[in-house]
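Please have a look at the sequence and the model on the screen, and I will then walk you through them.

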Amino acid sequence: MTTTALREPSQGNDAAPRDGYVQRAGLAVAEELARFVETEALPGTGIDANRFWSGLAQLCEEFTPQNRALLQRREGLQQTIDQWHRDHPQSGDGMPPRELREIGYLVPEPAPFTIGTTGVDSEISSVAGPQLVVPALNARFVLNAVNARWGSLYDALYGTDALNGTTPTGSGYDAKRGARVISWAKAFLDKYTPLANGSWADWTGGVPVLSDPDHLVGTIGDNLLLRRNGLHIEIVIDPQSEIGLNDPAGIADIRLESALSTIVDLEDSVAAVDAEDKVAAYRNWLGALRGDLVASFTKGDQKVVRTANPDRTYQTLDGDSMALRSRSLLLVRNVGHLMTTPAVRLPDGTEAYEGLLDAAMTALIGMHDLKGLGRLRNSLTGSIYIVKPKMHGPDECAFTNDVFNAVEDMLGLPRHTLKVGVMDEERRTSANLAACIHAVKDRVFFINTGFLDRTGDEIHTSMLAGPMQRKADIKKAEWIAAYEDRNVQIGLACGFTGRAQIGKGMWAAPDAMQDMLDQKIGHPMSGASTAWVPSPTAATLHAAHYQACNVAERQQQRLAEPIVPVAKLLTVPLAESPDWSAEEIAAELDNNIQSILGYMVRWIDAGIGCSKVPDIHDVGLMEDRATLRISSQHIANWLQHGIIDHAIVDEALHRMAAKVDAQNAGDPSYRPMAGEDRQSIALNAARELIVEGAQQPSGYTEPVLHRARALAKQRI
Ligand SMILES: CC(=O)SCCNC(=O)CCNC(=O)[C@H](O)C(C)(C)COP(=O)(O)OP(=O)(O)OC[C@H]1O[C@@H](n2cnc3c(N)ncnc32)[C@H](O)[C@@H]1OP(=O)(O)O
Ligand SMILES: O=CC(=O)O
Ligand SMILES: [Mg+2]
């Protein structure tokens, strides 16, 4: 195989004027970004262009050296851990806690404290329910996510494998399948919002008498509005409809309040490598917040124009009006501290840190909501919710806090308007979680176990400790249970109840809804007040779990638990005595490589940052940068320890490239990876990510992906 054809896109170190850039307050700003800021993002906010650009220049000047130093600290600690493993080849585990303390990887626990976050919306502070994540670059999906606050339970059950593991066949309505759906949904009502007498299945209409009258809270037209555990259920009455016609009470659907909040994602799920991409993502964030985002597309033979739903007004039982939110509360995930962006260049010609640009831009755009400049409102409490991923330890959280302070000052926002959601997805953050929360204690609105990135970091941190278990076994090992438990326990101990979310990770099998219904109840049962879902349909089905489990009660029960010791968290999932058969090793490798290629080829050639990719058992799995980190780090680890060698990897890459090409054969814009010339940028990038995986910063995939995508864009 030829060596990688990737070269660094020109990064430049000089301050000479460049094509496509304009000068603003000493920064070179990509023209499309400058135009977007000055004509779309600033108008109405009361911030003029000079103030914004000089504020951004100051932000970069003040925080660039600190950002760089924090990244060097990451590297320094990693090198120390690597050296420890070289010196202790038989350790059979990671570096022990005492020595991690000595090198400053583990820091002292803060004295007990309670977070001071105020002014958050009830979707964050007090009602437990699903959290949807949506790639910011896809306007059609973003709008679907905005509207995913409510979803049809009938459709979610009928259209997926949720009930009996099968999906509908044929185009017409399958009455037998429909009957099963209706019976499940009415049994659901019987269980959680029962009638005083009899079953919902026999209810023939009128005003129902409920066993707990408080569960019936209003009406809209003929429809009934129920509420339990803070979540609403709408019983849709339409005797003329195809479904209502055959129902004793004319029930046409049961709609569940579903995605209480949605993260518009600039991180793991997007491919944004330059100003053009960043502006597209910022524009969608702006449009989603203002309520003027529109997506027009053809679906089947229908032309669809999708917009954000307005709120709906119900009548209370006393006849008063009651407006209910029709849209998910929107949060935005910025990028982490690692990457720089060519959208803005500093006076010395180098790229600005992308996280600094995101902080300034997403906050500026958030002002449209605070000032009510759009058609619709998001936060009713005047907060802008920014999720910050991939932070390593308390110093990096404190840095984020300082950056947010500076952005608030730059935009004239009251202190702690910018709320932060801390992704607990790096090992040093999990191990020092209380100190991390303390560093952002007056603005933190969630902690969330991003177990996918966290698994990647688990492998990378202990890369030299020995071969890791197989991927599926890593997910069952001691560290992950400790990680999930500690996250909840520490969140509760820091007073998150009633103030902030404790969140759980993604259901990464978008088609496996029966399994999700069976298993994801574990998230609310753990005391988490939210958990991630990949799609609106999954949000509706997961919403059912928050009726089955009262999270507030679970939190009270868990508050009494002692916190799992950090030593358990630090247990590395090493294979004790690796004795896998050749078949097992090949299956593991093929599976990883198929996911890597299936994901990377779409990222690099088509700019799609989140895909459903079949695994070797043909189960479609959600793949994003975090799952790519796991797969590539896992192979890098097995290469490092001689479980496999480069020749085997190359052979698998070529075999799997042909397989992925065949899977994409129906896509006319697809560029095959397999072939004689072996010039596929995606294939070469995949090889680089694997072969040089041990050297990638924290095992991240972004540097390789960004370079490859930038190269592929030049080719387009
Ligand atoms: C580790 C982490 O960071 S996890 C967080 C990052 N992950 C994510 O954000 C997951 C986002 N989810 C997705 O991108 C998709 O659901 C995938 C790629 C996982 C699966 O996609 P598919 O099942 O192939 O969905 P498909 O493209 O067929 O879309 C089906 C419908 O669901 C909708 N949909 C799917 N996912 C979402 C979503 N996350 N938000 C809103 N709508 C969605 C689409 O809009 C589409 O409806 P439409 O045709 O009416 O517009
Ligand atoms: O961002 C989420 C993760 O699991 O990684
Ligand atoms: Mg992540």
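Let me begin with a definition: two strands pair if DSSP finds at least two bridges between them, and helices (H or I, at least four residues) and strands (E, at least two) are DSSP runs numbered from the N terminus. This is a predicted model, in which local features need pLDDT of at least 70 and side-chain atom pairs count only at pLDDT 80 or more, whereas totals for chains, interfaces and linings use all residues. Residues are numbered from 1 along each chain as its sequence is written, while chains are lettered from A and ligands numbered from 1 in the order in which they are written.

With that in place, strand β12, residues 312–316, pairs with β13 in the antiparallel sense over 4 bridges, and Arg312 stands opposite Leu324 in β13. Both strands belong to an open sheet of 7 strands with antiparallel pairing, whose order is β4-β8-β7-β6-β5-β12-β13. At its edges are β4 (150–152) and β13 (321–324), each with a single partner strand, so one side of each has no neighbour in the sheet.

Now to the core. A nonpolar core is a set of buried Ala, Val, Leu, Ile, Met, Phe, Trp, Tyr and Cys residues joined through C-beta atoms within 7 Å; a residue is buried if 20 or more other C-beta atoms lie within 10 Å of its own, exposed if 12 or fewer, and partly exposed in between, with C-beta atoms placed from the backbone. The largest such core has 206 residues, and Ala360 and Met600 are those with the most contacts inside it. Its largest share, 10 residues, comes from helix α9, residues 354–370.

Phe141 lies in helix α5, residues 139–146, and counts as buried because it has 22 C-beta neighbours inside 10 Å. Arg306, in strand β11, residues 302–306, is partly exposed, with 19 other C-beta atoms within 10 Å.
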